[in-house]
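Welcome, and please take a moment with the sequence and the model below. The report after it walks through the fold piece by piece.

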Amino acid sequence: MEKLFRTSPDLKVIYVLVRPKQGQTLQQRVFQILDSKLFEKVKEVCPNVHEKIRAISADLNQNDFAISKEDMQELLSHTNIVFHCAATVRFDDHLRHAVQLNVTATQQLLLMASQMPKLEAFIHISTAFSNCNLKHIDEVVYPCPVEPKKIIDSMEWLDDAIIDEITPKLIGDRPNTYTYTKALGEVVVQQEGGNLNIAIIRPSIVGATWQEPFPGWVDNLNGPSGLIIAAGKGFLRSIRATPMAVADLIPADTVVNLTLAVGWYTAVHRPKSTLVYHCTSGNLNPCNWGKMGLQVLATFEKIPFERAFRRPNADFTTNNITTHYWNAVSHRAPAIIYDFYLRLTGRKPRMTKLMNRLLRTLSMVEYFINRSWEWSTYNTEMLMSALSPEDQRVFNFDVRQLNWLEYIENYVLGVKKYLLKEDMAGIPEAKQHLKRLRNIHYLFNTALFLIAWRLLIARSQVARNVWFFIVSFCYKFLSYFRASSTLNA
């Protein structure tokens, strides 16, 4: 919406399907979005932007989305372009719910679109990981072993216990229900698109903005944002990742620019078949997880986060995010110690629960940070060449121009400013907290090593012999050093 209004201020209206929320009207929810810093530039070129957004009450879990007859008639009569972005992005979502939001809802929206006489293009947002069971992925829709219609029908009468049992067999070598149902959604788009002008866009891991409307804007915990917060706050010390695996991150504004360009191309050129566009960075401007981790670390040194807990010794973890293999015990031990401290002070323990949630999240993303994929980008490059020089500038989606060092620094800064809403004036205090966390980490590891070594010496003759050899060697070295110093004097 922001990019559309900023580049096309004469746009008549954007219809937005909004899920009802208790205690807030639809218009209040829209105003809340418009009041964010993201729309500051839009209000300069389009002061009446709030009048051009028409919120429609809709729920993707209901038949016909529970849209009223009046609203439905208005949508069908006036819509020119549909951007279908709604989905559940939870990796561990129950298959029934994931099918409803990512497959059935797509089917219902296509049915609505077929009844729109003024419709010029239907743009479906999928994911580059919909076919992550393959190493090389082309810009085509891959068939699924089971037809989407059969999956949709079975979800209506199977009970949860049976669905839980068959889910691993259905998703096969895909890691979760999200990637599986997004693949099903693509097949539905291809099979039931009819005579519509349809295109599918597959973004990879969507991160903070690169350039527009300003660098570093982010408003959710998806992608690396949650890991950056956990590391910056001292909750996360290490992650298990393959250093040379490509971190296929794509800025949010790059995805937006490609989406709008695809909308234009699909409406104007009307391709004979459904075109798929990969919105990825790894094939054109790769950055691996090892390099990204180092860049995040370097940024933490310049822009540390505020302390997670106000007591100086409350947090027994550190800020380091590395690509070494981590041990769950090393994460949970400080959490258990801190919760013990909370119990002693009469407060409710919470650190262990938080750490368990973080470890569960890490286990879900582990599949993606230990693998690399190859995505072809023929259609995306074709679209780039079809744009005029001016449109290539305004709707830039050429990731070859992206400087990863600058982007990661702006990303971390954006998480701090826009997501955590931390005051940048607190950076000196945060740096002191960073040093304390590091010292606590070193002290904890040293104490742990000494305890383990003491227990080993008490039980093993070999360990005692090794310890005696080390002490003797150090004593002889010091004696030699002192003798040399005396002779030189």
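In which loop does Ala66 lie? Ala66 is in the loop between β2 and α4. Helices (H or I, at least four residues) and strands (E, at least two) are DSSP runs, numbered from the N terminus.

Before going further, a word on how to read the values. This is a predicted model, in which local features need pLDDT of at least 70 and side-chain atom pairs count only at pLDDT 80 or more, while totals for chains, interfaces and linings use all residues. Residues are numbered from 1 along each chain as its sequence is written, and side-chain values use heavy atoms, with hydrogens and water left out.

**Backbone details**

Most residues other than glycine have a negative phi, and most peptide bonds are trans. Against that background, a few places deserve a look. Ala66 has a positive phi near 55°. Phe65 is not a glycine either, yet its phi is positive at about 60°. Phe65 is found in the loop between β2 (53–57) and α4 (69–78), and it is buried, with a relative accessible area of 2%. Here buried means under 20% relative accessible area, exposed over 50%, and partly exposed in between (1.4 Å probe, protein chains only). The peptide bond from Glu212 to Pro213 is cis, with omega near -10°. You can find Pro213 in the loop between β7 (205–207) and α9.

**The chain as a whole**

The protein chain has 18 helices and ten strands. Of its 489 residues, 48% count as buried. Contact means heavy atoms within 4.5 Å. Among contacts in the chain with a separation of 6 or more, 82% come from residues 24 or more positions apart.

**Two neighbouring strands**

Strand β3 (residues 81–84) pairs with β4 in the parallel sense, over four bridges; two strands pair if DSSP finds at least two bridges between them. How are the faces of β3 and β4 covered? In β3, Val82 and His84 form a covered face, while Ile81 and Phe83 form an uncovered one. In β4, both faces are covered, with Ala121, Ile123 and Ile125 on one side and Phe122 and His124 on the other. That makes five of the five residues of β4 (residues 121–125) buried.

**Cores and a covered helix**

A nonpolar core is a set of buried Ala, Val, Leu, Ile, Met, Phe, Trp, Tyr and Cys residues joined through side-chain atoms within 4.5 Å. The largest one holds 45 residues, and Leu236, Leu249, Met292, Trp373 and Tyr407 touch the most other members. At least two residues of this core come from each of α9 (225–232), α11 (289–302), α13 (351–365) and α16 (404–419). Leaving aside neighbours within four places in sequence, Tyr407 is in contact with Gly207, Ala208, Thr209, Trp210, Leu249, Pro251 and Leu402.

Helix α9 is mostly covered, with seven of its eight residues buried. Those buried residues include Leu227, Ile228 and Ile229, and their cover includes α11, α13 and α16. After α9 comes Gly234, whose phi is positive, near 95°.

**Spaces in the model**

On a 1 Å grid over the protein atoms alone, a cavity is a set of points where a 1.4 Å probe fits but cannot get out, and a pocket is an open set with protein on both sides within 12 Å along at least five of seven lines; lining residues have an atom within 4 Å of a point. Grid points are joined across faces, edges and corners, and a volume is the space filled by probe spheres set on the points. By this rule there are five cavities of 30 Å³ or more.

| Space | Volume | Residue classes in the lining |
|---|---|---|
| Second largest pocket | about 180 Å³ | three nonpolar, six polar, two charged |
| Second largest cavity | about 60 Å³ | six nonpolar, five polar, no charged |

In these classes, Ala, Val, Leu, Ile, Met, Phe, Trp, Tyr, Cys and Pro count as nonpolar, Asp, Glu, Lys and Arg as charged, and the others, Gly among them, as polar.

The pocket lining includes Asn61, Arg96, Gln100, Met155 and Glu156. Two or more residues of that lining come from each of α5 (95–113) and α6 (148–157), and α5 gives the most, with five. Among the residues lining the cavity are Ile250, Thr254, His278, Cys279 and Phe397. For the cavity, α10 (252–269) and β9 (275–279) each supply at least two lining residues.
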